[in-house]
Amino acid sequence: PDVLPQFSQEYPDVQVVLHEVPVPQLVELAEGSVIDFCIMHIPSDLSELTYELVMRERIFLISHKDHPLVRGMDSRYDNPRHFPDLRALERERIIMLPPDWRLSKLLHNTFSIHNMEPQNTLITTNNTTAINLVAENQGFAFLQESGISRTPYLDRLSCFTIGDPVLTCPMAVVYKKNGFLSPAARSFIDLTREHYSRFDRENRD
């Protein structure tokens with residue numbers, strides 16, 4: 001929704017087909033040249049694929065601002081504080097993405113560093129579902145900064161950075177190695193990189 005309106009103005013005759021599927025299926029679609037490209041974390045297997053880095057964005061811990069653990073802590077999306085101790089979340093409900101996804105692997109490594117093992121997890125494949133549950137005070141979630149920016153519930157949420165150094169995750173445009181990219185596809189990729197550069201911590205920190 002951030003890039004498509006501008007792209008449609010520049011290429012009004014190009015039909016865009018969106019595929020919203022779990023990450024493993026995105027890899028299969030890209031490897032099979034079913035899609036021109038996908039926007040995702042860098043896959044572990046690049047034997048059939050190549051990528052262009054879009055950004056390294058912060059991972060936010062999000063909670064309802066009235067949750068007892070964070071009540072009174074003024075930590076907004078546009079000015080997040082650092083969460084002091086992840087071990088305080090060990091017995092809280094944590095809404096996670098599937099364990100084989102890149103973000104979850106990064107988080108479990110962070111949990112291990114902090115000697116923290118979540119006891120109550122709820123798995124979803126949908127970022128919006130995770131945000132909506134947190135907005136109803138049904139737990140905590142860890143999500144990418146860019147994935148939170150458009151939620152209508154920002155006024156209900158507290159957002160925190162985690163890790164030292166602050167945990168970030170790479171996001172990339174991934175496509176078939178030696179595959180053909182049309183001028184329209186190339187333009188969409190360039191617009192995507194330009195738009196999301198504002199979230200790129202590598203160039204700002």
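Proline 165 sits in the loop between strand 7 (157–161) and strand 8 (168–176). The model is predicted. In it, the peptide bond from aspartate 164 to proline 165 is cis, with omega near 5°. Most peptide bonds are trans.

**Backbone exceptions**

Asparagine 115 is not a glycine, yet its phi is positive, near 55°. Asparagine 115 belongs to the loop between helix 3 (102–113) and strand 5 (120–123). Its relative accessibility is 61%, so asparagine 115 counts as exposed.

Asparagine 137 has a positive phi too, of about 60°. This residue is placed in the loop between helix 4 (127–135) and strand 6 (140–144). Asparagine 137 is partly exposed, at a relative accessible area of 32%. Most residues other than glycine have a negative phi.

**Around histidine 67**

Asparagine 137 is also one of the contacts of histidine 67, once neighbours within four places in sequence are left aside; the others are Glu92 and Phe140. Histidine 67 lies in the loop between strand 2 (49–64) and strand 3 (81–82). Is histidine 67 buried or exposed? With a relative accessible area of 11%, histidine 67 is buried. Its side chain makes a polar contact of 3.2 Å with the side chain of glutamate 92.

**The nonpolar cores**

The largest nonpolar core holds 29 residues. Which of them touch the most other members? They are Phe37, Ile62, Ala141, Leu143 and Ile148. At least two residues of this core come from each of strand 2, helix 4, strand 6, strand 7, strand 8 and helix 6 (183–196). Helix 6 gives the most, with six residues.

Alanine 141 shows how parts of the chain come together. Leaving aside neighbours within four places in sequence, alanine 141 is in contact with Phe60, Leu61, Ile62, Ile95, Ala130 and Val134. Another core, of 20 residues, lies apart from the largest one; Leu61, Phe111, Met116 and Cys169 are among its members.

**A nonpolar surface patch**

Some nonpolar residues are found on the surface instead. Val14, Val16 and Leu18 form a patch there, with about 250 Å² of accessible area together. Valine 16 is in the loop between helix 1 (4–10) and helix 2 (23–31). Valine 16 is partly exposed, at 33% relative accessible area.

**Salt bridges**

How many salt bridges does a search of the whole structure find? The search finds nine. Three of them are listed here.

| Glutamate 48 | Lysine 176 | 3.1 Å |

Glutamate 48 and lysine 176 link distant parts of the chain, 128 residues apart. Glutamate 48 is in the loop between strand 1 (38–41) and strand 2, while lysine 176 is in strand 8. Glutamate 48 is partly exposed, at 37%, and lysine 176 is partly exposed, at 22%.

Aspartate 190 and arginine 186 both lie in helix 6, four residues apart, or about one turn of the helix. Salt bridges with shared partners join Glu52, Arg186, Asp190 and Arg193 into one network.

Terms used: Residues numbered from 1 in each chain as written. Predicted model: local features only at pLDDT ≥ 70, side-chain atom pairs only at ≥ 80, totals over all residues. Heavy atoms only, no water. Buried < 20%, exposed > 50% of the residue type's maximum accessible area, 1.4 Å probe, protein only. Polar contact = N/O pair within 3.5 Å; in protein donor to acceptor, adjacent residues only side chain to side chain. Contact = heavy atoms within 4.5 Å. Patch = residues over 30% accessible without salt bridge, like charges linked within 9 Å, V, L, I, M, F, W, Y side chains within 5 Å. Areas by Shrake-Rupley, 256 points an atom, 1.4 Å probe, with all protein chains shown as cover. Salt bridge = Lys/Arg side-chain N within 4 Å of Asp/Glu carboxyl O. Core = buried A, V, L, I, M, F, W, Y, C linked by side-chain atoms within 4.5 Å.
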